[in-house]
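Please look over the side-chain contacts before we discuss this model. My notes follow the structure.

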Amino acid sequence: MKAKRFSALFLALILALFLTAPAFAVIATVETPHVTLPSVGGITYETWACLYQDSANTFRGSTWVMNKSYENLPDGYMGLTCDLYSDTRIYASRPMGQNVGGIYFYSRATSDAPVDPGTVYVRGQVALYNRYTGVNEFYSTPIASAVCTAGAYAAQSVPVEDTLAELALTLTADGGYPVTASGKTYGSALLSDLAGEIPELIAAVGIDGREGYVLANELYPEMNGLADAEAYAAYLKTTEDTYRAIPLYDLNETVIGSFHVQIPSEDEEIPPEIQKTIDELEAARARSAPLPNYPQTELVPAVGTQGENGYIRRSDYPSAQWDIQTLEDAARYDEFLDTLPPYILIPLYDENGEVIGRFRLQIPGKDEEISAEIQETIHELEARKREAGSSEPPDFLYMEVVPARGTQGEDGYIRRSDFPGAHMPQRTREEVRLYNEFLRTLPAYVLIPLYDENGVVIGRFRVDVNNDSLSEEEIQRQVGRPAAFN
């Protein structure tokens, strides 16, 4: 094999594949930089690895891959292994698993494993399904490494380059792995990127601490497409064991011991450090979510600060100059928003493009937008919900902050001022007609921010847009009502 800010139910299904650790407190974490992989099937991914120290000599590892656009992917598009190394030999391994349930990221994590003093590494193989060719393409995650000392000290991250340079001396003159008498390549899988392939016999440590080798095709069953992944997943479900035993060989391929490949169970809990990474991904996804905008029209009807009717241009929005494609882009944009006041003034134009006034544009996600009055409203809503019990919920029609459930099932609040057209008055029949014409320029739905009780963006809420023309009777009923709830 070549080395190369969802729905709650689906997320629960995939997260159930994580292996929980005993109740140790993580005393040190090493996380690699996120590496962008080549586009596969028109999708761009990034991958990284984490190493966790639970005690003086107990470590765990996790590997990650995600769709950089944060869009959920079909089952089987992302696959991962996760291997822990003790001084370049694999001593704990989580087999290849693939995403299920439509999700934008996937991870594998090993259980806790004690290790002798030395250098500890974690790395995995990434399998990405190419929808155009129908087969998987394989890559490697970055390598996280740390020194395990004899005392109860937090492990320190160490550069892996020196280790790889020393290991590379074991390769042949042409850069390949050495071969056994029977012609099989052997060595550390950490060198797979340098050698261009994984060795047929991979250096490993058996369950009794004996050093030897495992066959690559026994450690990493071949999975070239969705059918192979489904068959392997079905196989893993046939055992109640928490591991799969494979032989440990010497270089003559004589069995000298056993190596245990860890098998996840569906009732395992998520370790806190894994959940922390998931929460960070979700926060980044929420920050990267498109704020309320109107992609099919540059000019948006609006009312100026002095009550004058006119138009604003989307190109005048602060976000217009930003092309948010990556997590780093989203972080920089978030930092930029933090430099702005709670609102800015942008030009208001007439139908000929002449500036006739100014429009007050609120900055989404600013903490200042949750005023004391709005915060008080939130608490009142919570109190009324508790008092109402099973009775009908209160009428939120004219409230700025409304309890809502996000696109991923999370509970939070939406703001009426974030709804498309919320800035447009509907005091007269003509204003209602203008509002209705504006809605007809929008897609079938738009996504607006979902906030927690402190005003922090935690997700997105889908607003279905009524694009139908209104009858005269409907126009009359809509006069004077808040635009966001028509």
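**Notes on side-chain contacts**

1. Tyr213 is buried, at 12% relative accessible area (buried is under 20%, exposed over 50%, partly exposed in between; 1.4 Å probe, protein chains only). This is a predicted model: local features need pLDDT of at least 70, side-chain atom pairs count only at pLDDT 80 or more, and totals for chains, interfaces and linings use all residues. Residues are numbered from 1 along each chain as its sequence is written, and side-chain values use heavy atoms, with hydrogens and water left out.

2. The whole structure holds 6 aromatic pairs (Phe, Tyr or Trp rings, six-membered for Trp, with centres within 6.5 Å; planes under 30 degrees apart are stacked, over 60 edge-to-face, the rest tilted). Tyr186 and Tyr213 have ring centres 5.9 Å apart and planes at 85°, so they pair edge-to-face. Tyr186 is in strand 14 and Tyr213 in strand 16, 27 residues apart (strands are DSSP E runs of at least two residues, helices H or I runs of at least four, numbered from the N terminus).

3. Arg89 lies over the face of Tyr213, 5.1 Å from the ring centre (NZ of Lys or CZ of Arg within 6 Å of the centre and within 35 degrees of the ring normal). Arg89 counts as buried, at 16% relative accessibility.

4. Arg89 also forms a salt bridge with Glu211 (3.5 Å, N to O); the cut-off is a Lys or Arg side-chain nitrogen within 4 Å of an Asp or Glu carboxyl oxygen. Arg89 is in strand 6 and Glu211 in strand 16, so the bridge ties together parts 122 residues apart in sequence. Glu211 is exposed, at 52%.
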